[in-house]
Amino acid sequence: MDRITITTPDDWHLHFRDGDMLNETVPATARCFKRAIVMPNLVPPITSADMALKYRSRIIDASPANSQFEPLMTLYLTNATSTQDIVDAKQAGIHACKLYPAGATTNSDSAVKGIDALYPVFQAMQEEGMLLLVHGEVTDSHIDIFDREKAFIDTHLASIVEAFPQLKVVFEHITTADAVQFVSNSSANVAATVTPQHLLLNRNDLLVGGIRPHNYCLPVLKRNTHQQAIRDVVASGSNKFFLGTDSAPHTRDNKENACGCAGCYSAWSAIELYAQVFDDLGALDKLEGFASHHGADFYGLKRNTDTITLVQELWQVPDRITLADGTELVPFYAGQTLNWKLENSLS
């Protein structure tokens, strides 16, 4: 097989950032994805429907001419979020709310402390039919960073799922066999997104031979046994797991310093990276479901009706991308060769 045509995919978890960065990140995503769930952890965070709609307008303004790309907006939960905020967001067409435990990742310091206090908000979300998107890590200092996802399942997520059985929950960017098992054993209202970095890499790729800052992300890369569990479940074709890049751009100088930022900028070659994984797994026939069907079905949205084509062609991910102001980004998998290439960009 030297070419594959699939229903146009969507990205169910990514970070565009804001301002001038949008002129790079939005076209990079719009070239191959029809829709994308946009994370709200800006500075300041997107905590109201009005802020979300204004951000959406900025994203659309940065989209390529004649693009049909559709940003799907989310709300950033805080301890000040009210049930009325949920009602307003639903009426404004906001699709989901994002739960960040305070301090878990980039721009999450103003997020949730004391998750149990948000149960009335979760109840309102369940009633309104809004999805809960979860960054599933505890932030307790005594919990090892490699154990924080498992601890979150045991401490919080299992209880949320039990208390709100009709609430649709997406366990974002899963990194462990524990998360695979939890999602697989939960009801049809629990699903997960999977990133290219957690399919392609494990913690050796972060730490062996020196720290590699452009492979540093949160949740952090785990053991190869966890990586294999994630690879196995996407290769199985389970409809509970779908594409979410967690593409998270940071400038090169902010990644390559004494306290480098967490995040991998994968949008630039996202669909090609996933095709590489599914090809390596001998599961190219499962790529379309993972990339194009399962996420739309879980969100209750219509599947896209157009298609994209990937051709088997060797090409190299660039070492860096230079923005209009001279700022540099280093894309995920920089300098490495991929076997699949998008034939025609959407944008």
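1. Pro-44 lies in the loop between β3 (35-38) and α2 (49-61). Helices (H or I, at least four residues) and strands (E, at least two) are here DSSP runs, numbered from the N terminus. The peptide bond that leads from Val-43 to Pro-44 is cis, with omega near -5°.

2. On the basis of this note: the model is a predicted one, in which local features need pLDDT of at least 70 and side-chain atom pairs count only at pLDDT 80 or more, while totals for chains, interfaces and linings use all residues. Residues are numbered from 1 along each chain as its sequence is written, and side-chain values use heavy atoms, with hydrogens and water left out.

3. Another cis peptide bond links Leu-218 and Pro-219, with omega about 0°. Pro-219 belongs to the loop between α8 (204-207) and α9. As background, most peptide bonds are trans, and most residues other than glycine have a negative phi.

4. Asn-66 is not a glycine, yet its phi is positive, at about 65°. This residue sits in the loop between α2 and β4 (70-72). Is Asn-66 buried or exposed? Asn-66 counts as exposed because its relative accessibility is 79%; the terms are set by relative accessible area, with buried under 20%, exposed over 50% and partly exposed in between (1.4 Å probe, protein chains only).

5. His-173 also has a positive phi, near 35°, and is a residue other than glycine. The loop that holds His-173 runs between β8 (169-171) and α6. His-173 has 2% relative accessibility and therefore counts as buried.

6. Helix α6 (residues 177-185) packs with helix α9 (residues 224-236) at an angle of about 35°, their axes being 8 Å apart. Axes are lines fitted to C-alpha atoms, for helices over the stretch in contact, and angles run from 0 to 180 degrees between N-to-C directions. From α6, the contact (heavy atoms within 4.5 Å) takes in Ala-177, Asp-178, Val-180 and Ser-184, and from α9 His-226, Ala-229, Ile-230 and Val-233. By class, these are 5 nonpolar, 2 polar and 1 charged residues. Ala, Val, Leu, Ile, Met, Phe, Trp, Tyr, Cys and Pro count as nonpolar, Asp, Glu, Lys and Arg as charged, and the others, Gly among them, as polar.

7. A nonpolar core is a set of buried Ala, Val, Leu, Ile, Met, Phe, Trp, Tyr and Cys residues joined through side-chain atoms within 4.5 Å. The largest such core has 91 residues, and those with the most contacts inside it are Leu-77, Leu-99, Phe-122, Leu-132 and Leu-287. Helix α11 (residues 270-280) gives the most to this core, namely 7 residues. Which residues does Phe-122 touch, not counting residues up to four places away in sequence? They are Leu-77, Leu-99, Ile-115, Leu-132, Ile-160, Phe-164 and Leu-167.

8. The second largest pocket contains about 170 Å³ of space. On a 1 Å grid over the protein atoms alone, a pocket is an open set of points with protein on both sides within 12 Å along at least five of seven lines, whereas a cavity is a set where a 1.4 Å probe fits but cannot get out; lining residues have an atom within 4 Å of a point. Grid points are joined across faces, edges and corners, and a volume is the space filled by probe spheres set on the points. Residues lining this pocket include Leu-206, Leu-207, Tyr-216 and Lys-255.
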